[in-house]
Amino acid sequence: MDSLAQITHLILDMDGVLYRGSEPIPRLGEFFAFLRERRVPFMLVTNNATRTPRERSAQLARMGAEVAPAEILTSAQGAARYLKRAYPPGTPVHVFGMAALREAIQEEGFLLADQDVQVVVASVDREVTFEKVKVASRLIQAGARFIATNLDPNIPAEDGFVPGSGAMVAMLATAAGVAPAGIGKPEPILYELAMAQMGAPHDTTAAVGDRVMTDIEGGKRAGITTICVLTGASDRAEAEAAGADFIFADIGSLLDAWRVALASVKQG
């Protein structure tokens with residue numbers, strides 16, 4: 001893709017792109033108003049599995065951006081839908097993570113269990129205990145398949161970075177002696193699910209993210225245009241080295257450049 005004017009569908013990361021912790025990135029509401037005005041279908045696709053789409057929607061509304069839960073796809077949902085391809089409803093699954101992950105697994109018809117499980121799905125657990133680590137690691141050692149919603153080592157917050165899923169999954173992997181299979185970015189699974197939901201073609205779909213090792217790499221593996229914003233995990237040098245197609249300071253700068261590109265097409 002040579003110009004932002006060619007974008008017909010957009011996939012956006014959330015943490016570090018739309019907000020940092022509880023602080024919205026400047027011009028957040030204006031950016032979504034532009035997408036609605038231009039009738040650009042979009043999906044918010046996040047590796048963060050700690051909140052449900054309903055909770056994310058409410059969070060964004062408080063920041064001045066109206067996004068429906070159906071326009072949000074989390075790695076918790078991605079993991080549940082991935083498992084649905086391989087296991088029938090009622091399969092016992094152990095969840096090491098937050099309530100949002102448990103809800104996503106149950107929504108796809110799986111049974112939450114702490115023994116005799118076929119799969120252990122792990123993510124961030126802000127109430128982690130030694131007992132939880134012991135139970136999950138022993139289930140993995142006993143032969144349960146080990147799935148991680150994502151392997152992000154940390155998550156951007158308003159005051160810096162906090163431990164991410166990758167940090168906690170690494171603890172389980174060390175305890176169990178088994179490496180997990182990751183579902184979230186940079187695996188292309190979430191992008192593929194989002195594109196299928198929108199009916200989006202590869203050649204005119206773009207992914208916006210802040211973390212090169214997940215968002216940009218994942219977009220490239222999915223075969224779509226990549227846009228890196230510098231409000232989160234990666235700096236310009238990292239974005240350039242990774243070959244991001246476009247790089248902007250923030251979504252406001254992206255918005256300005258997009259408007260200029262559309263104006264140029266109209267004048268031409």
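In helix 8 (residues 212-222), the buried positions are Val212, Thr214, Asp215, Ile216, Gly218, Gly219 and Ala222, where buried means under 20% relative accessible area, exposed over 50%, and partly exposed in between (1.4 Å probe, protein chains only). Helices (H or I, at least four residues) and strands (E, at least two) are DSSP runs, numbered from the N terminus. The cover over these buried residues includes helix 7 (189-198), strand 13 (205-209), strand 14 (225-229) and helix 9 (236-242). Glycine 223 follows helix 8 and has a positive phi, near 80 degrees.

The model is predicted, so local features need pLDDT of at least 70 and side-chain atom pairs count only at pLDDT 80 or more, while totals for chains, interfaces and linings use all residues. Residues are numbered from 1 along each chain as its sequence is written, and side-chain values use heavy atoms, with hydrogens and water left out.

The secondary structure of the protein comprises 10 helices and 15 strands. Of its 268 residues, 54% count as buried. The C-alpha trace spans about 65 × 35 × 35 Å along the principal axes. Among contacts (heavy atoms within 4.5 Å) between residues at least 6 apart in sequence, 69% join residues at least 24 apart.

The structure contains 12 salt bridges, each defined as a side-chain nitrogen of Lys or Arg within 4 Å of a carboxyl oxygen of Asp or Glu. One of them joins aspartate 13 and lysine 185, with an N to O distance of 3.0 Å. Aspartate 13 lies in the loop between strand 1 (9-12) and strand 2 (19-20), and lysine 185 in the loop between strand 12 (181-182) and helix 7, so the pair ties together parts that are 172 residues apart in sequence. Both partners are buried, aspartate 13 at a relative accessible area of 7% and lysine 185 at 2%.

A salt bridge also links arginine 36 and glutamate 71, with the closest N and O atoms 2.8 Å apart. Arginine 36 belongs to helix 1 (residues 28-38), whereas glutamate 71 lies in the loop between helix 2 (53-62) and strand 5 (72-74). Arginine 36 is partly exposed at 39% relative accessibility; glutamate 71 is buried at 16%.

Helix 8 takes part through arginine 221, which forms a salt bridge with glutamate 187 at 3.2 Å between the closest N and O atoms. Glutamate 187 lies in the loop between strand 12 and helix 7, 34 residues away in sequence. Glutamate 187 is partly exposed at 27% relative accessibility, as is arginine 221 at 42%. Finally, Arg27, Glu30, Asp256 and Arg259 are linked in a network of salt bridges.
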